[in-house]
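Have a look at the sequence and the fold first.

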Amino acid sequence: MTVHFVGAGPGAADLITVRGQNTIASCSVCLYAGSLVPEELLEHCPEGARLVDTARMTLDGIIAEILDAQRRGLDVARLHSGDPSVFSAVAEQMRRLDEAGVAYEMVPGVPAFSAAAAALNREFTVPGVGQTVLLTRTAARATPMPEGEDLATLGLSGATMVLHLAVNRIEELVEQLEPNYGPDCPVAVVAGASRADETVLRGSLSEVAGLVRDAGIERTAVVVVGEVLTAGHFPDSHLYSANRCRS
């Protein structure tokens, strides 16, 4: 028996990987976050599979479901939105499974920041402009951020920043980032990336709070901050350069 932590992708059902889809089809139990994972993915589950929406469940309840499947010798597909390597809360589940001696694996998925980049038609690493991407979030009712990972400190590098779980605190975000990035720094907000109701906002750091309020965006969005969003004058990369040695 194995638990498969499957990245379900950012929202569009067809953005799950082939491996992820095949894994769902092979498991007799599927635990999924109903508020984020598209229902169409459940159509890949085998007939008669046990389907459990974990959106309102506690960690104890989720682990109890997994241990019940273990007792019955049934593989579990544990669907998480995006990619399970970031902001998915799989680490605490894995810790419990280690304690219980339950085998598990991770199946990568398309992360939200990749879907946001696609919606914006932008590369987040542009030669001579930005070669570092910071993936982070803010803390409100969520788990506190570790010391030294506040936005003011992270922003000292001026690197492209992608913020998850932060759009509902957009005013505070702007206040902490403006000293390092400046009020004119380009910002984009992508809500529901890859979904039918996808919304894209573009503006400057000084404008973004108003844009978000006017659009009524409160959740399921990523905020991207950095000069790469509007960069047009930059050197070609060395990758395809005629001067690159290819022997």
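A residue is called buried under 20% relative accessible area, exposed over 50%, and partly exposed in between, with a 1.4 Å probe and protein chains only. This is a predicted model, so local features need pLDDT of at least 70 and side-chain atom pairs count only at pLDDT 80 or more, while totals for chains, interfaces and linings use all residues. Residues are numbered from 1 along each chain as its sequence is written, and side-chain values use heavy atoms, with hydrogens and water left out.

**The overall picture**

The protein has seven helices and 10 strands; these are DSSP runs numbered from the N terminus, helices being H or I with at least four residues and strands being E with at least two. Its C-alpha trace spans about 60 × 55 × 35 Å along the principal axes. Of the 247 residues, 43% are buried. Take the contacts (heavy atoms within 4.5 Å) between residues at least 6 apart in sequence: 68% of them join residues at least 24 apart.

As for the surface, the protein exposes about 13,100 Å², and carbon and sulfur atoms supply 48% of that. Accessible areas here come from the Shrake-Rupley method with a 1.4 Å probe, and for residues only the protein chains shown count as cover.

**Charges and salt bridges**

There are 18 positive and 31 negative side chains, and the centres of the two sets lie 4 Å apart. Lys and Arg count as positive, Asp and Glu as negative, and His and the chain ends are not counted. Each charge is placed at NZ of Lys, CZ of Arg, CG of Asp or CD of Glu.

How many salt bridges does the model have? Six, if you ask for a side-chain nitrogen of Lys or Arg within 4 Å of a carboxyl oxygen of Asp or Glu.

| Pair | Closest N and O atoms |
|---|---|
| Arg50 and Glu65 | 2.7 Å |
| Arg96 and Asp60 | 2.9 Å |
| Asp68 and Arg71 | 3.8 Å |

Let's start with the salt bridge between Arg50 and Glu65. Arg50 lies in strand 3 and Glu65 in helix 2 (residues 59-71), so the pair ties together parts that are 15 residues apart in sequence. Is Glu65 buried or exposed? Glu65 is buried, because its relative accessible area is 16%. Arg50, at 39%, counts as partly exposed. Leaving aside neighbours within four places in sequence, Glu65 is in contact with Leu31, Arg50, Val52 and Met57.

Next comes the salt bridge between Arg96 and Asp60. This pair links distant parts of the chain, with Arg96 in helix 3 (residues 90-100) and Asp60 in helix 2, 36 residues apart. Arg96 is partly exposed at 29% relative accessible area.

Salt bridges with shared partners join Asp68, Arg71 and Arg72 into one network. Asp68 is partly exposed at 27% relative accessibility, whereas Arg71 is exposed at 63%.

**Two surface patches**

Patch residues have over 30% relative accessible area and no salt bridge; like charges are joined within 9 Å, and nonpolar side chains (Val, Leu, Ile, Met, Phe, Trp, Tyr) within 5 Å. Glu39, Glu40, Glu43 and Asp53 form a negative patch. Glu39 belongs to the loop between strand 2 (29-32) and strand 3 (50-53), and is exposed at 63% relative accessibility.

The nonpolar patch, about 280 Å², is made by Phe87, Leu135 and Leu165. You'll find Phe87 in the loop between strand 4 (76-80) and helix 3, partly exposed at 42% relative accessibility.

Helix 4 (residues 112-120) has Ala115, Ala116, Ala117, Ala119 and Leu120 buried. What do the buried residues of helix 4 pack against? They pack against strand 8 (186-191), strand 9 (199-204) and strand 10 (221-225). Just after helix 4, Asn121 takes a positive phi of about 55°.

Ser194 also has a positive phi, near 80°, and sits in the loop between strand 8 and strand 9. Ser194 is partly exposed at 22% relative accessibility. For Thr220, phi is near 50°; this residue is in the loop between helix 7 (208-215) and strand 10, and is partly exposed at 32%.
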